Amino acid sequence: MKAHSIRYKFFAGISVVALVFIGVLLVLNLFFYDDYYMMTRRNELSTVYQSVRRSYAGGSGNIAATLDALENRSAARLAVIRSNGTIIYASSFTRDAADPPEGGAPLFGYNGMFLDFNDIRFRGYAVLAAVFANVDWHTLGSDYQFLTVSLRDSDQYLCLAGSIDTQADTYLIAYMPYAFIENNSSLNLVFLLIAGSCALLICIIFAYFLSRQFTRPLIAMAGLADRMSELDFSSKYEGQERDEIGRLGQSLNRLSAYLEQAVGELQQSNTQLAQQIQEKERIDNMRREFIVNVSHELKTPIALIQGYAEGLTAGVADDPEDRKFYCDTIADEADHMNKLVMQLLSLSKLELGAEQTFYEEIDLHALCEEAVRKTAVLCASRGLTVDYADTRATVRTDAGLLEQVLMNYLSNAIRYTADGGRIEITAHRTGRGVCLRVFNEGSGLPEDELPKIWEKFYRTDRARSRENGGTGIGLSLVRAIADTLHGSCGTENVPGGISFWFEFADVPETDA
């Protein structure tokens, strides 16, 4: 476990509490146990005294059984005496009562026999003699007192001397050795050390497993929070606790869901904003390119018109034929400019959605026939053949817009078909409506240029001259018309040439 982890802190906290608790027990035992134990021993002797006093009936025969039972239940030794030294009962007497003591003055009498307390072969007699010598029985009255007795070998005894029958001049002496008390205290200290060590070990083991169990969900939630900080919201808290930790985990799950939704929306907004910025940049680039291209397209006819007009004004063309050439050139260039401007206006209206559509029944074959008739002079001058036999169909759409598409496709095909070549116009029905195709013979276009020809003012390298090239607006106009009619357009290289197609919906009369 790492020192900074919550598991380590929890484990260390429980261990320290257990250690402090056991330390407090040891300190209390060392400094207060002896006093407490001595107090309990005094209370025990007092209890024995009260029991004997209540049970005493004035004779050793009546009190012997009670004294024997009390001695068995406690660590005290008991004796009943009179103030003149006569022993009525003493559990320490073990020799024959008829055997007299050796030498000395008679001090105690036991069944008429006298004992000398200078004979310490019997330790119990010595304790009784010491108590008898240190207690003023006449002033004791009906109360009791405690005293400590020391023998010659430094053994000490805790003693109680008390009256049990003042009229019969009978007293109780109860005593217990200090050695017993000290041994019990030492034994208790050793046991406490052993029990404390075992308890501390158990607490440490318990603290280890409890810290793992308690901190596992917290560590899991910390990992979940780390993944959330890295915008990874796939992980969820799986705990089933019903306490505060469980509620915290569920709150993290809800927070993760909310953040995932918010971040998703923010990313979507950022994506849309980036797309909008890119679109704006594209439009700005297109606008700048458009201005440059329009300026380029208008510069040449304006220069020609200005030059020829100045020539006419200066009288350079005196010959009627020269003046007619000048005037025709000015008219052609003005017409070229007018077509360009009209196409630009039409394209702008279509891109802005301002072009109104009028749907009507159209004979597609008749529309193709009219387009071929309008371009017949151009085709005849170059020996081109136009086939439109496979266009017999009736559709419902905007005739004006469809005618612009057809004329742009056809003009484009005439412009890029070699002399004597063939152009074919076909139409067939599709799942969406009708698809119109214009094919012209030739070498086709490079595949990388096919998407570019739909851009404004884009012309292939073969169409950079004013003689062969158009305005560069026609195919852009077709694409705008396709968007207006909810159709599509495109081009593809096919064997023998290139094919332009325009697919549009056959609008039902109810949708017109």
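His-486 counts as exposed because its relative accessibility is 60%, where exposed means over 50% relative accessible area, buried under 20% and partly exposed in between, with a 1.4 Å probe and protein chains only. In this predicted model, local features need pLDDT of at least 70 and side-chain atom pairs count only at pLDDT 80 or more, while totals for chains, interfaces and linings use all residues. Residues are numbered from 1 along each chain as its sequence is written, and side-chain values use heavy atoms, with hydrogens and water left out.

His-486 lies in the loop between helix H11 and strand E13 (488–494). Helices (H or I, at least four residues) and strands (E, at least two) are DSSP runs, numbered from the N terminus. Although His-486 is not a glycine, its phi is positive, at about 55°. This residue comes just after H11.

H11 itself is mostly covered, with nine of its 11 residues buried. The buried set consists of Gly-474, Leu-475, Ser-476, Leu-477, Val-478, Ala-480, Ile-481, Ala-482 and Thr-484.

Helix H11 (residues 474–484) packs with helix H10 (residues 399–416) at an angle of about 150°, and the two axes are 9 Å apart. Axes are lines fitted to C-alpha atoms, for helices over the stretch in contact, and angles run from 0 to 180 degrees between N-to-C directions. H10 and H11 are therefore roughly antiparallel to each other; angles over 145 degrees count as roughly antiparallel, under 35 as roughly parallel, 65 to 115 as roughly perpendicular and the rest as oblique. The crossing of H10 and H11 is left-handed, a term used if the near helix is turned anticlockwise from the far one by less than a right angle, with right-handed used if clockwise. On the H10 side, Leu-401, Gln-404, Val-405, Asn-408 and Tyr-409 meet Gly-474, Leu-475, Leu-477, Val-478, Ile-481 and Thr-484 of H11, contact meaning heavy atoms within 4.5 Å.

The contact of H8 with H10 has nine nonpolar, no polar and two charged residues.

Two other helices were examined. Helix H3 (residues 123–134) has 12 residues and spans 17 Å from its first C-alpha to its last, close to the expected 16 Å, which is 1.5 Å times one less than the number of residues. Its buried residues include Tyr-125, Val-127, Leu-128 and Val-131. Ile-330 is placed in helix H7 (residues 320–352). Its C-alpha atom is 9.1 Å from that of Ile-302, a residue 28 positions away along the chain. Apart from neighbours within four places in sequence, Ile-330 is in contact with Ile-305, Tyr-308, Ala-309 and Leu-312.

The protein chain holds 11 helices and 14 strands, and 39% of its 512 residues are buried. Of its contacts with a separation of 6 or more, 64% involve residues 24 or more positions apart.

Key. Nonpolar A, V, L, I, M, F, W, Y, C, P; charged D, E, K, R; others polar.
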